[in-house]
Amino acid sequence: MEPLLYSEPKHLAEISKELKKPHTTVRKQLEIFEKVGLIEKEKKGRQTLYKLKKIPLLIDYLTIIEKEKLIRKCKKELVLKEIVEYLHSFDNPIILFGSAVDSVKKARDVDILVVGRFNLEKVKLIERKLNLKFHVINVKLKEINETLKKEIMKKHLIVQGSEELIKWLIS
């Protein structure tokens with residue numbers, strides 16, 4: 001379901017390419033998701049497009065997917081795991097986004113969106129400890145412009161505040 005998160009409807013070929021899986025495997029999984037009521041098909045000419053279905057349980061499913069994605073990434077990259085563990089000491093909804101999502105080591109800085117009040121000095125501590133530059137955006141969700149929101153949707157990891165942030169991302 002990850003390729004369908006926060007995106008326009010997609011064709012089977014696009015989804016298969018993103019997942020690096022054969023069309024037949026992806027089609028079978030999409031059929032299962034359709035039977036459960038999580039996705040729906042949309043015909044455009046000869047093409048069949050798939051999209052997430054807006055159902056009450058969608059937020060719950062997306063929360064699980066986001067948490068699994070975060071855990072998977074943290075298992076692969078220990079520096080990211082350390083950052084995420086440190087950020088859990090905040091009470092705010094927090095998203096990591098941008099190039100650091102792919103690789104903290106290769107990124108020039110770590111982009112973080114923090115919602116609400118927080119202590120910027122605490123971020124300076126982890127910057128010094130890990131010898132990394134953090135670019136912190138501290139705002140209310142309703143103040144974020146569409147350009148930044150689209151950038152966040154492309155590459156992000158929700159550290160905490162999943163339900164609130166997912167509702168914002170799909171709105």
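Predicted model: local features only at pLDDT ≥ 70, side-chain atom pairs only at ≥ 80, totals over all residues.
Residues are numbered from 1 along each chain as its sequence is written, and side-chain values rest on heavy atoms, without hydrogens and water. Local features need pLDDT of at least 70 and side-chain atom pairs count only at pLDDT 80 or more, while totals for chains, interfaces and linings use all residues.

Helices (H or I, at least four residues) and strands (E, at least two) are DSSP runs numbered from the N terminus, and two strands pair if DSSP finds at least two bridges between them. Strand β3 (residues 47-52) is joined to β2 by six bridges, and T48 in β3 is the bridge partner of K43.

Another open sheet has four strands in the order β6-β5-β4-β7, with mixed pairing. Because β6 (134-139) and β7 (156-160) stand at the edges with a single partner strand each, one side of each is left without a neighbour in the sheet. The twist from one strand to the next averages 20°; axes are lines fitted to C-alpha atoms, for helices over the stretch in contact, and angles run from 0 to 180 degrees between N-to-C directions. Four bridges pair β4 (residues 94-97) with β7 in the antiparallel sense, and L96 stands opposite L157 in β7. Helix α4 (residues 78-87) packs on this sheet, touching β4, β5 (110-115), β6 and β7, and its direction makes about 160° with that of β4. Contact means heavy atoms within 4.5 Å.

K122 lies in helix α5 (residues 120-130). K122 counts as partly exposed because its relative accessibility is 26% (buried is under 20%, exposed over 50%, partly exposed in between; 1.4 Å probe, protein chains only). Beyond its neighbours within four places in sequence, K122 is in contact with Y86, S89 and F90. The C-alpha atoms of K122 and F90 are separated by 9.1 Å.

A pocket is an open set of points on a 1 Å grid over the protein atoms alone, where a 1.4 Å probe fits, with protein on both sides within 12 Å along at least five of seven lines; lining residues have an atom within 4 Å of a point. The largest pocket has a volume of about 740 Å³, a volume being the space filled by probe spheres set on the points, which are joined across faces, edges and corners. Of its 22 lining residues, E2, P3, E18, K69 and R72 are the closest to its centre. Helix α3 gives the most to this lining, with six residues.
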